[in-house]
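Please open the structure in your viewer and keep the selection tool at hand. The tour below goes from one selection to the next, and it begins with a question.

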Amino acid sequence: LVDSSLKGITTTFTDDIIFELERLYTVYMGHYESALALFYEKRDSTANFRKYLKQREEMTDKSIPNLLVTPVQRVCKYELMLASIKKSVLKQAEDPNDKQLLSDAEALQKTIDALNEALVNVDRRRAAADNWDKITHLESSLQLSEPIS
């Protein structure tokens, strides 16, 4: 980030960047639960893995599950961070009626709204994927001769 003004921050979070964030977080969230389940499965069933985890625990205070959840927690903070920056800049402005500042604040608010919409989309897709997983699991437990359409 070269320009830390409201305008600079707004131009950093372009539509392409927000689209890419949405895409990446959708993929990540789609695999998060299975990655966590695999971690616990391997931890419980593989002695060498438990040994590695014990050694790792001595070197760092961040566990693998904590590292896996970090992106999930971080994505929610982008919107809060941008809103906080906007509020702080407007509060500290020498001239709160400065047209350029107000225009930049409005543009940043549009970026915040677009980011929020992207997060809602990620959450919606994650919920749909969870529902599909439940249907697939139910389908397999019913031992049907044909899949449910």
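Which element gives the most to the lining of the second largest pocket? Before you answer, note that this is a predicted model, in which local features need pLDDT of at least 70 and side-chain atom pairs count only at pLDDT 80 or more, while totals for chains, interfaces and linings use all residues. Residues are numbered from 1 along each chain as its sequence is written, and side-chain values use heavy atoms, with hydrogens and water left out.

**The whole chain**

Colour the protein by secondary structure, and you will find five helices and zero strands, where helices (H or I, at least four residues) and strands (E, at least two) are DSSP runs numbered from the N terminus. The C-alpha trace spans about 65 × 50 × 20 Å along its principal axes. Its radius of gyration is 22 Å, whereas a compact globule of 149 residues would have one near 15 Å; the radius is taken over C-alpha atoms, and the globule rule is 2.2 Å times the number of residues to the power 0.38. Of the 149 residues, 24% count as buried, that is, under 20% relative accessible area with a 1.4 Å probe and protein chains only.

**The second largest pocket**

Now select Tyr 25, Met 29, Val 72, Val 75, Cys 76, Leu 119, Val 122, Asp 123 and Arg 126, which line the second largest pocket. A pocket here is an open set of points on a 1 Å grid over the protein atoms alone, where a 1.4 Å probe fits, with protein on both sides within 12 Å along at least five of seven lines, and lining residues have an atom within 4 Å of a point. The answer to the opening question is α5, with four residues, although α2, α4 and α5 (99-142) each supply at least two. The lining has seven nonpolar, no polar and two charged residues, and Asp, Glu, Lys and Arg are the ones that count as charged, Ala, Val, Leu, Ile, Met, Phe, Trp, Tyr, Cys and Pro as nonpolar, and the others, Gly among them, as polar.

**The largest pocket**

Next, select Phe 39, Leu 53, Glu 57, Ser 63 and Ile 64, which, of the 13 residues that line the largest pocket, lie nearest its centre. Here α2 (15-45), α3 (47-59) and α4 (64-92) each supply at least two residues of the lining, and α3 gives the most, with five. By class, this lining divides into four nonpolar, two polar and seven charged residues.

Definitions and conventions: Buried < 20%, exposed > 50% of the residue type's maximum accessible area, 1.4 Å probe, protein only.
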